[in-house]
Amino acid sequence: MSARTLPLLFLNLGGEMLYILDQRLRAQSIPGDKARKDEWTDVDRKRVMNDIITTMFNKKFMEELFKPQELYSKKALRTVYDRLAHASIMRLNQASMDKLYDLMTMAFKYQVLLCPRPKDILLVTFNHLDAIKDFIRDAPGILNQVDETFRQLTETYSCLSAGEFQLIRQTLLIFFQDMHIRVSIFLKDKVQNSNGRFVLPISGPVPWGTEVPGLIRMFNHNGDEVKRTEFTTGGNYVLPQREGSFDLYGDRVLKLGTNMYSVSRPVETHMSGSSKNLASHAKENIVPNPLAKEELNFLARLLGGLEIQKPGGSETGFRLNLFTTDEEEENAALTRPEELSYKVINIEATQEPGRRAELSRIMGELEVAEPRPGSAGKGEELLALMDGL
Amino acid sequence: MAAATSGMYRKEKSIQLKSSSAALYNNLSVLPLPGRQLTCFSTVHGPSLSMVTADGLGFSHRQLQAKEGGMTVSTSLLTQAAWCVLPSRVLLVLTSQKGIQMYESDGSIMVYWHALDVTEHPPAQAVFARGIAAAGGRFICVGTSSGLVLVFDIPPKGTNIMVSEVLERHCDAITDIAAELGQAPDGAGDLVTADDAGTLCVWSTGEEFALLSKIPAFGCTCSSVKLWNGIVAAGYGNGQIRLYEATTGLLRAEVNAHARWIYALDLAPQTGKLLSGAEDSFVHVWKLSRNLDTDDVEVEHCHGECVTDTQVCGARFCDPEGNSFAVTGYDLSEIFRYGRT
């Protein structure tokens with residue numbers, strides 16, 4: 001419904017994706033001198049993170065994203081993230097990509113649901129951006145792109161009313177409706193029940209601008225307070241200490257949107273007994289929106305044009321597995337319930353052979369991963385390439 | 001988790017829905033049909049309406065895919081559905097991103113379709129209709145996202161429905177509309193409209209509607225509103241319920257009712273019971289009354305119910321005395337029911 005929802009959806013889901021990838025890459029990384037050719041090193045990890053972040057905050061892509069438009073379907077958006085995840089030397093199988101998308105969406109659903117005020121979705125977004133800036137703190141060129149997006153967010157959203165933010169939130173909740181995939185880190189932290197529904201606390205600080213429930217005041221014709229009574233509820237609320245900052249830098253106060261993964265905590269999902277209510281999924285398949293597919297082509301093409309291929313490298317060697325073993329990943333692909341299949345639309349980014357050669361040539365000239373001031377220049381080269389699309 | 005109740009109501013058998021309820025304001029409508037010993041319930045999700053009829057023995061379900069112009073299947077989202085009870089007929093009104101549809105009360109036949117004029121909205125703004133109420137024994141009023149209130153003149157039967165007036169006193173998207181449910185004091189209006197900014201307008205209905213008073217916003221959205229015996233009850237985004245004098249717009253009571261955004265209010269006209277539901281998982285029942293000596297408005301808390309892990313998006317009394325009520329929430333494929341003990 002709200003035409004300003006897509007940037008928030010994209011950036012927050014993207015942020016969650018980066019948290020998960022970072023955690024998995026760290027968990028699977030081997031010290032550089034001990035690594036075999038097909039194993040991840042710290043240098044590879046930083047390279048992947050930088051590549052994905054550069055692609056995500058690409059200027060032209062951001063411009064397109066911020067245009068007022070209706071939300072994409074879950075399927076269509078998934079294809080965009082498919083492209084984004086493959087913006088570097090990393091490869092993900094379908095099963096791992098499915099799991100990644102499940103985790104991303106459930107995490108952001110949780111954040112949207114628990115936001116104290118609808119406007120706090122912006123603080124959640126800023127939390128993600130703050131963390132992203134930390135991932136690329138050694139690469140000032142990309143930092144600029146992220147700050148630019150920050151400015152664009154402020155420009156677009158700071159003047160919206162609470163009612164308009166609530167409409168954005170309602171639009172997001174429609175997008176996430178009926179998703180109840182169980183995530184083990186949520187189950188362990190007791191923020192999700194075993195039936196896949198999130199725990200909604202009835203204690204803690206009330207949103208900024210809300211009073212603690214309990215007081216009734218009555219006034220006479222002159223506006224004087226003539227009676228005051230109190231009532232009790234089952235809740236246990238307190239006033240918040242301060243409001244989060246909406247500036248470029250500042251204490252956001254809100255913890256939603258910060259990185260909840262660490263190397264030691266596995267990221268698992270449970271397929272069995274999840275989403276029983278399939279009505280909305282089925283309906284999505286019945287009425288495809290041709291317009292969304294058009295726009296999807298455009299966005300996916302934008303991202304596809306930025307794809308960097310490792311020259312001559314074997315694809316399987318740089319595969320990231322979101323499961324613990326290859327067997328588990330294979331098994332997940334075979335046993336994924338039909339109703340939860342994203343039915344990924346395969347769109348061939350139209351790249352002529354000449355372009356692939358050009359990309360390989362450029363890749364061949366670049367050194368492996370030490371961040372240099374010149375990395376801004378690399379972005380411009382790719383943009384120039386894209387303009388030629 | 002223990003439910004917080006004061007023992008006045010207890011939970012009864014739930015009604016299962018075929019699809020879950022969307023997180024939209026006032027997303028539950030109830031049509032009691034005591035003569036036929038039936039009660040009908042409806043909530044919206046996506047482009048469809050979930051309707052359930054309960055007759056004490058069992059339930060029958062109906063899914064209504066909102067059609068536009070009777071031809072193509074809609075890809076437009078519904079924002080609200082409500083039964084409008086007029087002296088001669090009951091219509092089921094659906095509002096969506098495309099416009100307004102009116103059906104016979106069982107959803108079987110569409111009697112009227114009104115498309116929203118997209119051009120009267122600025123390009124980046126959302127377009128939708130929202131806020132539905134029967135008024136003046138003759139009209140159905142529906143709000144739009146540009147702040148307009150469309151007044152439809154409804155004939156006793158047939159499809160000859162026309163827009164009789166367009167009210168242009170709101171600058172923000174309409175959230176809710178309510179007609180006087182009791183007896184309006186002399187000179188008091190019989191219709192109240194509310195918007196996203198929190199502004200309330202009180203009107204008198206008729207051949208020509210007249211604006212009687214405007215209650216200014218105080219910085220919070222008013223998502224739900226009710227009018228009873230000249231008292232406006234308004235639910236806000238900061239969790240407050242405020243009661244105003246409809247004639248003067250004067251604030252008479254302020255209740256710090258909920259810890260989150262209020263999504264639904266309902267009123268039982270025979271007793272003055274007020275029901276509120278919010279994102280904080282709570283549903284509360286209040287009692288409104290007038291002190292006959294001082295003419296002051298009084299409100300007391302009667303009952304609180306925690307709908308565990310649910311953001312309530314719809315709450316309605318199922319009878320005019322408020323002896324029973326129904327509640328639904330976001331992502332919930334159920335309607336919870338409660339009755340007096």
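A salt bridge is a side-chain nitrogen of Lys or Arg within 4 Å of a carboxyl oxygen of Asp or Glu. The exercises below use this predicted model.

**Exercise 1.** Find where A:D178 is located, and work out why A:D178 has no salt bridge.

Solution. 
1. A:D178 lies in the loop of chain A between α8 (162–175) and β1 (182–183).
2. The residue is buried, and the nearest side chain of opposite charge is that of A:R197, 6.2 Å away.
3. The side chain of A:D178 does make a polar contact of 2.5 Å with the side chain of B:S20.

**Exercise 2.** Determine how many disulfides the structure holds, then examine B:C220 and B:C318.

Solution. 
1. Over all chains, the count of disulfides is zero.
2. For B:C220, the nearest cysteine sulfur belongs to B:C222 and is 10 Å away.
3. B:C220 has a relative accessible area of 15% and is therefore buried.
4. For B:C318, the closest cysteine sulfur is in B:C40 at 11 Å, which is too far for a bond.
5. B:C318 also counts as buried, because its relative accessibility is 12%.

**Exercise 3.** Identify which residues touch the most other members of the largest nonpolar core, and list the contacts of A:F10.

Solution. 
1. This core has 87 residues, and the two in question are A:F10 and A:Y81.
2. Leaving out residues up to four places away in sequence, A:F10 touches A:M56, A:F61, A:M62, A:L65, A:V80, A:Y81 and A:L84.
3. Another core, of 22 residues, lies apart from the largest one; among its members are A:M1, B:L31, B:Y103 and B:F128.

Methods: Residues are numbered from 1 along each chain as its sequence is written. Chains are lettered from A and ligands numbered from 1 in the order in which they are written. This is a predicted model: local features need pLDDT of at least 70, side-chain atom pairs count only at pLDDT 80 or more; totals for chains, interfaces and linings use all residues. Side-chain values use heavy atoms; hydrogens and water are left out. A nonpolar core is a set of buried Ala, Val, Leu, Ile, Met, Phe, Trp, Tyr and Cys residues joined through side-chain atoms within 4.5 Å. Buried means under 20% relative accessible area, exposed over 50%, partly exposed in between (1.4 Å probe, protein chains only). Contact means heavy atoms within 4.5 Å. A disulfide is a pair of cysteine sulfur atoms within 2.5 Å. Helices (H or I, at least four residues) and strands (E, at least two) are DSSP runs, numbered from the N terminus. Lys and Arg count as positive and Asp and Glu as negative; His and the chain ends are not counted. A polar contact is a pair of N or O atoms within 3.5 Å; within protein, one must be able to donate a hydrogen and the other to accept it, and residues adjacent in sequence count only if both atoms are side-chain atoms.
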